[in-house]
Amino acid sequence: MSASVLITGVNGFCGRHLAAHLSAAGYGVAGLDRDRGLPLGPDFYQADVTDAKALQAILEAARPDIVFHLAALLNPRLPYDALHQVNVLGTLSLLDAVRTVCPRATVMVTSTSAVYGRVRAEELPIAELQPFRPSTPYAVTKIAQEMLAYQQFATHGLRVVRARTFNLVGPGESPAFASSAFARQIAEIELGRRDPVLAVGNLESVRDFTDVRDAVRAYRLLAEVGEPGSVFNVCSGRGTPIAQVLDTLLSLSRVRGVAVKVDPTRLQPADVPIQIGDPARLTADTGWSAAIDLEQSLADLLEDWRNRVREEKP
């Protein structure tokens, strides 16, 4: 009989890819989200991670062997109390429910490279022992989430594994993120729904991009063989300037002569200049390595946006 999993935030960017990956790998997949979207049928539970009673009832029904905790608020511009309510207290509610209902389940908690904040050149690539220097309230809440997860492992023996994920890219990505915002605008320009002017933010930042399909494979491996209590970077180990991402997408475009204009509203007040992660621990413990190169990820993202824009009403 196949192992069963529960994915929180199953309708999100990563959640949809993870559900498809785990189903293909033979897992029985259930998911919860506050919004209905993915057609999981009777294995979908509509609930908020801050609802402790609902979480306990869902776990009693699903009885998962593994819980992938992806649900979170990601917008760094949200007020701290809103971020804390979901990212910290929601995680605590989930871990308490797991400890009550299925204490032998493995819980894979997804954190973020934002916890590292600004790093000095000599500290690159960033390893898991790098000190925290959060530059946004969002990053602060993810640090608190991580510490709660570790405390539940240390105090109660809960089988918690943490993943610090760097920048993800791929089909289905929200336009709230730079690469996807570029791809959406290019698709709209190609269809004549936007003037050939592309609005951008800071193009000088350097980021470590991993295809979402590679990332969810890492999540599965960490849940299967990752040491409880440990934390792992999920990243490619390569830095790419945002300007290069834009240039690649423009080279894949079906139109030429697109102008680029900085939009001040797209600039982040606490932007981190550079982040490049070190995936050595992940590779050593699981055998994982990135399989999809960035150009392919961007090509797939652009094609996805072409399809999405065609389906939108003009």
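A residue is called buried when its relative accessible area is under 20%, exposed when that area is over 50%, and partly exposed in between, with a 1.4 Å probe and protein chains only. The structure is a predicted model, in which local features need pLDDT of at least 70 and side-chain atom pairs count only at pLDDT 80 or more, whereas totals for chains, interfaces and linings use all residues. Residues are numbered from 1 along each chain as its sequence is written, and side-chain values use heavy atoms, with hydrogens and water left out.

The protein chain contains 9 helices and 13 strands; these are DSSP runs numbered from the N terminus, with helices being H or I of at least four residues and strands E of at least two. The radius of gyration of the chain is 19 Å, close to the 20 Å given by the globule rule for 314 residues, so the chain is as compact as a globular protein of that length. This radius is taken over C-alpha atoms, and the rule is 2.2 Å times the number of residues to the power 0.38. Along the principal axes, the C-alpha atoms fill a box of roughly 60 × 45 × 40 Å.

Of the 314 residues in the protein chain, 52% are buried. Among contacts (heavy atoms within 4.5 Å) with a separation of 6 or more, 78% link residues 24 or more positions apart. The mean positions of the 32 positive and 35 negative charges are 2 Å apart; Lys and Arg count as positive and Asp and Glu as negative, without His and the chain ends, and each charge is placed at NZ of Lys, CZ of Arg, CG of Asp or CD of Glu.

A nonpolar core is a set of buried Ala, Val, Leu, Ile, Met, Phe, Trp, Tyr and Cys residues joined through side-chain atoms within 4.5 Å. The largest such core has 30 residues, and those with the most contacts inside it are Ile7, Leu18, Leu22, Phe68, Tyr219, Leu222 and Val234. Two or more residues each come from strand 1 (4–8), helix 1 (13–24), strand 4 (66–69), strand 6 (159–165), helix 6 (212–225) and strand 11 (231–234). Helix 6 provides the largest share, 8 residues. A second, separate core of 29 residues includes Leu6, Leu32, Ala97 and Val109. Apart from neighbours within four places in sequence, the contacts of Ile7 include Leu18, Ala19, Leu22, Val29, Leu32 and Phe68.

Ile66 is located in strand 4 and, at 7% relative accessibility, counts as buried. Beyond its neighbours within four places in sequence, Ile66 is in contact with Ser4, Val5, Leu6, Tyr27, Thr106 and Ala223. The C-alpha atoms of Ile66 and Val29, 37 residues apart along the chain, are separated by 9.8 Å. By contrast, Ala176 is exposed, with a relative accessible area of 65%, and lies in the loop between strand 7 (167–169) and helix 5 (178–190). The C-alpha atoms of Ala176 and Val88, 88 residues apart along the chain, are separated by 22 Å.

Two backbone features remain to be described. Most residues other than glycine have a negative phi, and most peptide bonds are trans. Arg63, which is not a glycine, has a positive phi of about 45°. Arg63 lies in the loop between helix 2 (52–62) and strand 4 and is partly exposed, with a relative accessible area of 47%. A cis peptide bond, with omega of about -10°, joins Leu124 and Pro125. Pro125 is found in the loop between strand 5 (106–112) and helix 4 (137–156).
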